[in-house]
Amino acid sequence: MNIRKVWSRFASVWIVPVVLSCLFAVKGASAIGQSAVVTLGFPVGARPTAMGEAFTGLANDANAIFYNPAGLGQSPLTISWKTYMADSAFTAVAARTASAFGSRDYVWAGSRTGLMRFNGKIWERGDTYVVEEGESLRSVALRYLDIDRKDITDNALWEIRRENKLGMKRYERLVTLLTPYAALLQSKAEDAAHVPEPIPVSVPEPAEFDAAEGLQETDTESTKHETEPPMSAKPLESELEPDSALAQSKHETEPPMSAKPLEPELEPDSALAQSKSVTGASIMAVAGVVKDAVDRVVAAVNAFKDATAKSIEAVNAVKTATQSKNFSAIMDAKKKVQIATEAVKKAKENVTVAIEMLKTAGPEAEAAVKALGIDLSMFTGKGGVGKEANNTTGYGGDRAARESPAAPEVRDYARMLILLPPDESVSSNIADNLLPKSMDEQERKNLADNITEIIGSEDRGIADVTELLIPFTVAVRDTVTVMALDVSERLWVGTVSGLWRHSNGKWRRYTAASEDEDGVLPSGRVTAVAVSPSGTVAVGTDNGLAIMKDLEWYRLTGEDGLPDSRVTSLAYVGEKLHIGTDKGLAVKSGDNSVVVFDTSAGLLSLGVTALFADSKGRLWIGGDNGVTIYSPGAKTWTRYKFPGSTVYSFAEQSGGVVWIGTNKGVVTYKAGKIITGKDGKPTNVPEWKTYHSKNALKNDNVTAITACGKDMWVATDGAMHQYAHAERQVMLFYEQILPAFGMTDLWHGFPAVVIPTEDWGTLAFSVNYINMGENELYSETEVYEGTSRSWEGVFGLSYGFPVREDLSLGLNAKYVYSVLDSRSGGTGQTFAIDAAVLKRNFFVDKLDIGFMLQNMGPSIYYMTPEAADPIPFSLRLGLAYRPVRTPFHELTLVFDAYREVVKNSDSGPDPFWVALWTGMLNNKDSRFAEEIQEINVSLGMEYLYADFMALRLGFLGDYLGERFELSMGLGVKYANMNFDFSYIYSPEGFMSGIVRAMDKNKTGASGVRDGQWRLSFLFGL
């Protein structure tokens, strides 16, 4: 920088800061010249500056150091726990780590009602399919099925129709039409060749995960305990508490109307005869429809009573099995609870249908039921069955909007008709082949005509949509027991009714040999799945083992050498299969020989509940009271006891940390230091950590764990949890300042490093540096006296920590060193503190808010203390909202309001806490309108496509400082590297028309920053 004027040395060293203060208007116009150290307020980062310098509410990368250090305390900048779908129960989890550029991580979660999939941003309940012109719904369904069986295809068609509301108006009209014929259709529906497998309407599905509709049934498995560190810290020492599980189960299975229990002597076949108050004349009057309605009500009420009794018996069985600590008995009892609970729901629904028929039968029928002593108010009152039916949720939202509370046989029959091919949906075919022959011929013909008319009526169809959601229920729609991914990234899903394979977007089903001519499994209830490195798939069931090798299946049972036919867990160590049972561990070699191990051979407990092979080739064996680790190379058994607990799952985190899921939380194992014992042998002292409902999890009962990249996913009876890993980040930022002046030696840089800690939040180190170039110094007589270099550096230490999952606090501690004249000693030093808070999901989902008190610290002076200037103490408020967040598209809107607060008086600058009052709230030197005008406003947006490319746009407005800038930018992400660029458009006079309408003395933007660009490079370590 060449200054060719006659300046005193004192004046020359101040020119650059004055130019920066005036041209950048880092503060409002009324504050220009009142504060020093412009670097403290100089924004950093090409990503935030592309959005108009609005980043306080977003704060999700290393730029948070400057805008809001509280962002360091939340994911993805800190190691944290995230909870998804709280109060929902999960039974299995599997994950696929992205293996190629452009692919993404996927996490599959299994529950009692099917599958969900996490794509890195949101949970999905199906795949999106773009419909091709002229395509049929059946052809779409076949794209997702690797097997052409009519029952499976029909189910897929129905699930797609229901999810996308295709033909649902016709379906509802058919249900209404057929309801009066429910009794006649019952036997016909059971025998009809075209009826797909019944779908229990009352069972909720994973799109909503509504705990009120049965997903908390798994609480019968859970016990709430505080998990303590293992080993020396007495691991998991709290005892099992079956009463808590019993109480939770009763809450789910006992009817809400139990205040008026049914009389035990009611019998469905002799309902009218049992009533002493019904006269012979009234019995004769109860004929035809009236008698059918009464008998149906009585039968439904008694079925409800029986189902309720069985549910109580099942709950008591859980209590007994839990007290005995018999794993097999516990699992069987829990299954009975599930079946009984579903039976209660179905029975309640049938009572509702019977009551509707009773209403249509007239007052005589209602009087007859009342005479029997049956009080139906407990079924129809507030919170009764009718209310519950209308609130049942599932895939696609409110099921009541899709399915009428009609009898199950009516719904099944209407569904069959909706799925008829066009050539079979003609009236003659329906009358001759699909309607009961017991009906009057003319009535059957009329009904068939009405059905045909409804089927042909106008409704929403595939031609009316451009894309379809293909729900995972086209395949999996019952309880998921286990999941595994093989080397080809095929997903294997075990359920209580068979095995599904998901490969290249298609589903294929494998069933039990006794249930299906194409069956390959020894039993339909799958209990374990394991895949060898070569791709061999082993499937454990409650009645043996099936192995698929080279596309051929063969089976093993207790007769083939297994200690027990019920397989509890499987694991491959190399190509050697390890089989867990309730009676020991079996090892199957390549020659099909089986060797059995029990407690005498080294197992901690006889019952094996979980198996896992780690990256070192060790076999982890879980059971009651702890784990056993077998090292094949050394042929050693190491046992660790977790008193009173049962191990259900294992997974390995990158770095060799093994996660152990138990009924009392998660225990992590990390190999520690090797010490030499008294016997001279080296011993590993592991490091243990525990996570449970008191510090991280929603529920202690951990059903499954898996690793996805560096993250861990934990399925429990209360939620799905993510242990989100945080990478170290390194950021480099550079910008050329004031390009319009051609000052090449005037530039701004910001290097920073972010370092997450394991348990204590995240630290960061940064340097905010402005180089002001060299000044040529001349005396008053224009004698050259040399050069002086000017620069400012802010050296920062930052810390952010979580208060809870969506709330964090942050601090910046900054040391300031400002050099105005390197020759004469014109330097100043001070320090500053920032305090910030960040709240995600602020009242509204996807809305985040951040606030920061920036640059709290003492004044700075260069020559004498009497000439001190305040540093730019500021208030910063920011909002961030994500209205769009899909696997490929994400839109973020941001807003920041920034206000510098300083006050100089005759006695010197006011401290920052005093300046809040004297410089803003009660500033007697300016009007209220001027105080508002000193607020700088920033608006911005970011559109991210496929987590790869980002387009950004922003606007910054500083009314008093006449700084009006339109900014734009581009970001590219490749693996763990981010490249960001931003550019300012602000020609001289920009927005002059708008500002002159407010103040005729305003001229718009000065234009000095027009064309300024910034560049950032951020990468993870």
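Trainee: Before we start, what does "buried" mean here?
Mentor: A residue is buried when its relative accessible area is under 20%. Keep in mind that this is a predicted model.

Trainee: Got it. How many residues of helix 6 are buried?
Mentor: Helix 6 is mostly covered, with 13 of its 15 residues buried.

Trainee: And how far does helix 6 reach?
Mentor: Helix 6 takes in residues 150-164 and spans 21 Å from its first C-alpha to its last. That is close to the 21 Å expected at 1.5 Å a residue.

Trainee: What follows helix 6?
Mentor: Lysine 165 does, and its phi is positive, near 55 degrees.

Trainee: Switching to strands: what is the order in the open sheet of 4 strands?
Mentor: The order is 2-3-4-5, and the pairing is antiparallel. Strand 2 (92-96) and strand 5 (123-124) are the edge strands, so called because each pairs on one side only.

Trainee: How many bridges join strand 4 to strand 5?
Mentor: There are 2 bridges between strand 4 (residues 114-118) and strand 5. Across that pair, phenylalanine 118 stands opposite tryptophan 123.

Trainee: Now the surface. Which residues form the nonpolar patch?
Mentor: Tyr734, Leu953, Met968, Phe981, Tyr983, Tyr985, Trp1013 and Leu1015, with about 690 Å² of accessible area together. Strand 45 (977-985) and strand 46 (1013-1020) each give two or more residues to the patch.

Trainee: Which strand gives the most?
Mentor: Strand 45, with 3 residues. Phenylalanine 981 has its place in strand 45.

Trainee: Why does phenylalanine 981 count as partly exposed?
Mentor: Because its relative accessibility is 36%, and partly exposed lies between the 20% limit for buried and the 50% limit for exposed.

Definitions and conventions
Residues numbered from 1 in each chain as written. Predicted model: local features only at pLDDT ≥ 70, side-chain atom pairs only at ≥ 80, totals over all residues. Heavy atoms only, no water. Expected span 1.5 Å × (residues − 1). Buried < 20%, exposed > 50% of the residue type's maximum accessible area, 1.4 Å probe, protein only. Patch = residues over 30% accessible without salt bridge, like charges linked within 9 Å, V, L, I, M, F, W, Y side chains within 5 Å. Areas by Shrake-Rupley, 256 points an atom, 1.4 Å probe, with all protein chains shown as cover. Salt bridge = Lys/Arg side-chain N within 4 Å of Asp/Glu carboxyl O.
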